[in-house]
Amino acid sequence: MADVKKIATRESYGNALAECGAEFPNLVVLDADLAGATKTGVFKKAFPERHIDCGIAECNMTGIAAGLATCGKVPFISSFAMFAAGRNFEQVRNSIGYPHLNVKIGATHAGITVGEDGATHQCNEDVALMRTIPGMTVIVPSDDVEAKAAVRAAIEFEGPVYLRFGRAAVPVINDKPEYKFEIGKGVLLREGSDVTIIASGITVSSALEAAEMLAADGIQAEVINIHTIKPLDEELVLASAKKTGKVVTAEEHTVIGGLGSAVCDCLSEKHPTPVLRIGVQDRFGESGPAAALVEKYGLDGKGIYAKVKDFVK
């Protein structure tokens with residue numbers, strides 16, 4: 001996919017905030033001394049009076065955002081996923097989740113594609129953490145188009161939303177006229193009859209690559225993009241599981257508590273189906289180039305292809 005346009009979803013996040021600034025005058029963006037990395041600096045340049053740098057104090061930033069939300073503002077708090085969801089969990093739970101305030105969390109630099117920053121900064125647990133908070137909507141966009149659409153949808157949505165963005169550039173796959181983003185609704189990208197591959201984030205493009213390779217082996221894989229992990233599009237998941245009889249989930253996140261767990265929760269209760277979860281297998285990340293780590297952890301097209309082929313046979 002060398003000739004495909006690539007852009008990091010953190011870039012999309014910053015650009016989307018700036019694009020929405022004039023249309024939504026109540027939009028306020030808070031940052032924890034990371035505006036350059038999270039790309040909220042783009043919004044700051046366009047609307048300096050509505051950008052607040054809270055310093056390296058994510059927990060305080062969350063409290064400020066909660067207060068702003070009670071005054072009718074639509075605040076976005078921005079930081080690395082490890083801090084926005086990890087360091088910040090108690091404040092997100094108690095100051096945003098418990099009172100169900102209209103605060104949006106823009107978490108960048110998620111997953112192993114943080115690369116050389118290593119295990120301490122590669123947050124592979126954030127989706128699991130945010131899923132446990134009652135009333136929290138959790139979105140993991142797959143590319144630039146989807147990330148921008150998700151930001152706009154989050155602004156228009158009433159209630160807390162966690163948005164997960166990446167550091168590394170990823171292929172643009174949703175630049176089609178028929179593409180439509182809707183919170184809580186998955187997207188059927190490819191029809192198949194032998195196995196369903198349900199993916200989120202960077203693994204959506206990998207799943208499409210894997211499906212092409214599987215087709216050459218006579219295996220027809222259905223590919224579904226689940227950008228909203230919570231609430232899960234159970235209707236789409238169940239319909240596909242009933243059709244193919246086998247389900248594979250793929251995510252740049254631990255297989256515990258994320259997309260794979262959400263899909264298994266649904267299927268175990270409503271239509272028991274064999275499931276293979278592809279993701280980070282109960283371990284920490286490690287330092288290395290993003291592309292090399294994606295390959296090592298089996299989250300690229302070839303890695304997903306090999307695991308799905310073995311699972312189907």
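**Packing, spaces and backbone in a predicted model**

Me: What share of the contacts in the chain with a separation of 6 or more comes from residues 24 or more positions apart?
Reply: The model is predicted, so local features need pLDDT of at least 70 and side-chain atom pairs pLDDT 80 or more, while totals for chains, interfaces and linings use all residues. Residues are numbered from 1 along each chain as its sequence is written, and side-chain values use heavy atoms, without hydrogens and water. A contact means heavy atoms within 4.5 Å. Of the contacts with a separation of 6 or more, the share from residues 24 or more positions apart is 79%.

Me: How many helices and strands does the chain have?
Reply: Both are DSSP runs numbered from the N terminus: helices are H or I with at least four residues, strands E with at least two. The tally is 13 helices and 14 strands.

Me: What is the radius of gyration of the chain?
Reply: The radius is taken over C-alpha atoms, and the globule rule is 2.2 Å times the number of residues to the power 0.38. For 313 residues that rule gives 20 Å. The chain comes close to that value, so it is as compact as a globular protein of that length, with a radius of gyration of 19 Å.

Me: What percentage of the residues in the chain is buried?
Reply: Buried means under 20% relative accessible area, exposed over 50%, and partly exposed in between (1.4 Å probe, protein chains only). Of the 313 residues, the buried part is 57%.

Me: Is V195 buried or exposed?
Reply: V195 sits in strand β10, residues 195-199. Beyond its neighbours within four places in sequence, its contacts include I219, A221, V248, V308 and V312. Its relative accessibility is 0%, so V195 counts as buried.

Me: How far apart in space are V138 and P160, C-alpha to C-alpha?
Reply: V138 belongs to strand β6 (residues 137-139) and is buried at 0% relative accessible area. Contacts of V138 beyond four places in sequence include V127, M130, Y162 and I229. P160 is 22 residues from V138 in sequence, and their C-alpha distance is 8.9 Å.

Me: Which strand gives the most to the lining of the largest cavity?
Reply: A cavity is a set of points on a 1 Å grid over the protein atoms alone where a 1.4 Å probe fits but cannot get out; lining residues have an atom within 4 Å of a point. The largest cavity holds about 180 Å³. Of its 20 lining residues, V140, R164, G201, I202 and E252 are the closest to its centre. With three residues, the top contributor is strand β13.

Me: What is the volume of the second largest pocket?
Reply: A pocket is an open set of grid points with protein on both sides within 12 Å along at least five of seven lines. Points are joined across faces, edges and corners, and a volume is the space filled by probe spheres set on them. Residues lining the second largest pocket include I173, Y179, V187 and L208. Its volume is about 170 Å³.

Me: Which peptide bond is cis, with omega near 0°?
Reply: Look in the loop between β12 (228-230) and α10 (234-244), where P231 lies. The cis bond runs from K230 to P231.

Me: What is the phi of H100?
Reply: H100 lies in the loop between α6 (89-97) and β5 (104-108). At 42% relative accessibility, H100 counts as partly exposed. H100 is a residue other than glycine, yet its phi is positive, near 50°.
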